[in-house]
Amino acid sequence: MGKLRKTLAMAAGSAALGTAAVLALPATAQAASAAPCSARAAACIDLSANTSWLMANGVVTYGGVPITSGKPGFETPPGTFTVTYKDIDHWSQAYDAPMPYSVFFTTSGIAFHEGSLGDQSHGCIHLSNAAAQTYYNNLQPGDVVEVVP
């Protein structure tokens with residue numbers, strides 16, 4: 001059984017058994033209470049903690065992973081959005097820069113993508129290479145993305 005299915009199955013079992021069983025869950029599932037988003041979110045971003053998670057029905061399935069977000073003047077907007085499209089090899093014409101594994105979730109061009117975790121962006125959410133690939137492979141158009149200030 002895959003790690004995701006194991007985590008979800010264990011979380012479901014814990015819900016049936018009560019709070020004491022939650023202590024036996026893997027760290028990924030235990031982190032669900034740390035993700036500040038609703039059960040509708042497929043991806044959760046906490047801008048103040050520079051952290052993001054993938055989620056399913058309120059349970060963390062991946063993360064938290066470190067992120068960087070928009071720098072002053074280019075702040076990542078808080079709110080609830082939906083994934084609009086994905087582009088594995090996107091090139092930003094506005095900034096003449098690569099945006100590998102892009103998952104766009106605003107109408108203004110903001111996306112999750114591989115990028116520097118040491119530098120702030122022009123509004124996008126920078127992820128490590130491994131995290132960007134995971135987000136690209138798991139998020140689909142229509143999925144809810146919640147951005148918390």
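Visitor: Which residue in strand 8 stands opposite E114?

Guide: That residue is L127. Before we go on, this is a predicted model, in which local features need pLDDT of at least 70, side-chain atom pairs count only at pLDDT 80 or more, and totals for chains, interfaces and linings use all residues. Residues are numbered from 1 along each chain as its sequence is written, and side-chain values use heavy atoms, with hydrogens and water left out.

Visitor: How do you know that strand 7 and strand 8 pair?

Guide: Two strands pair if DSSP finds at least two bridges between them. Strand 7 and strand 8 (residues 125-127) have 3 bridges, so they pair, and they do this in the parallel sense. Strand 6 (residues 97-104) and strand 7 (residues 111-114) have 2 bridges, in the antiparallel sense.

Visitor: Why are strand 3 and strand 4 said to stand at the edges?

Guide: The open sheet of 5 strands has the order 3-2-1-9-4, with mixed pairing. Strand 3 (59-66) and strand 4 (79-82) each have a single partner strand, so one side of each lacks a neighbour in the sheet. From one strand to the next, the twist averages 20 degrees.

Visitor: What makes residues 129-138 helix 4?

Guide: A helix is a DSSP run of H or I with at least four residues, a strand is a run of E with at least two, and both are numbered from the N terminus. Helix 4 lies across strand 2 and strand 3, at about 145 degrees to strand 3; axes are lines fitted to C-alpha atoms, for helices over the stretch in contact (heavy atoms within 4.5 Å), and angles run from 0 to 180 degrees between N-to-C directions.

Visitor: Why is a set of residues called a nonpolar core?

Guide: The name applies because its Ala, Val, Leu, Ile, Met, Phe, Trp, Tyr and Cys residues are buried (under 20% relative accessible area, 1.4 Å probe, protein chains only) and joined through side-chain atoms within 4.5 Å. The largest has 23 residues, and I45, F105 and L127 are among those with the most contacts inside it. Helix 4 gives the largest share, 4 residues. Apart from this core lies another of 7 residues, including A35, C44, M55 and V60.

Technical notes. Buried means under 20% relative accessible area, exposed over 50%, partly exposed in between (1.4 Å probe, protein chains only).
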